[in-house]
Amino acid sequence: MRFLKYHWFGFLLSLVFGAYVFLFLLVLFAPAKDLQNRGFTKCHALLYDNLKACHSSSQCLLKHILGVNGCYANVVGEGFALWIKGEQKTPWANYFFEAELPEKEEPHPELKKFYQESVDLPRQMNELKQKNKMLEQEILNHGETEQSAGLGFE
């Protein structure tokens, strides 16, 4: 009891910080995208909409990032309430789930054709970089010979 009497503020601060870290980890490992807009997805959308209006203002960014934590806490609370009512098996079932993602679209036929014809793009890019360096060197050498002949611009 004596420990709590002297260290109550640090203990309280540790509980708040621990809850914040726990919520952060839940949001970090939960699915971020879902077609049905379940779990933390609606909070992510809210945060995105709010951050678009900030225009790189640090104070505005911090305000909205900290403000969305209430939404995250509501999702966790809803899950716990649904579990108590018996509507879901576990308290985390509403935010840890198998996400439904949109089907990947097929690339454009011309893009497919380009990738089939250009099998080794990194090698081709390296060749182009080398040719670019050679052309730059030729231009520099050509400019030096013109200046030595008195034809250069001053």
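The structure is a predicted model, in which local features need pLDDT of at least 70 and side-chain atom pairs count only at pLDDT 80 or more, while totals for chains, interfaces and linings use all residues. Residues are numbered from 1 along each chain as its sequence is written, and side-chain values use heavy atoms, with hydrogens and water left out.

Confidence comes first. The average pLDDT of the protein chain (the predictor's confidence in each residue, from 0 to 100) is 85, and 94% of the residues score at least 70. Helices here are DSSP runs (H or I, at least four residues; strands are E, at least two), numbered from the N terminus.

Next come the disulfides, of which the structure holds 2. A disulfide is a pair of cysteine sulfur atoms within 2.5 Å. Cys43 and Cys71 are joined in this way, with their sulfur atoms 2.0 Å apart. Because Cys43 lies in helix α2 (residues 41-52) and Cys71 in helix α4, this pair ties together parts that are 28 residues apart in sequence. The torsion about the S-S bond of Cys43 and Cys71 is about -80°, so the disulfide is left-handed. Cys54 and Cys60 form a disulfide too, with sulfur atoms 2.1 Å apart, and this link is left-handed, with -70° about the S-S bond. Cys43 and Cys71 are buried, and Cys54 and Cys60 are buried as well (under 20% relative accessible area, with exposed over 50% and partly exposed in between; 1.4 Å probe, protein chains only). Counting bonded cysteines along the chain, the pattern is 1-4, 2-3.

Helix α4 also takes part in helix packing. Helix α1 (residues 2-29) packs with α4 at an angle of about 80°, their axes 11 Å apart. Axes are lines fitted to C-alpha atoms, for helices over the stretch in contact, and angles run from 0 to 180 degrees between N-to-C directions. The helices α1 and α4 are therefore roughly perpendicular to each other (65 to 115 degrees; under 35 is roughly parallel, over 145 roughly antiparallel and the rest oblique). In contact (heavy atoms within 4.5 Å) are Tyr20, Leu23, Leu26 and Val27 of α1 with Asn69, Tyr72, Ala73 and Val76 of α4.
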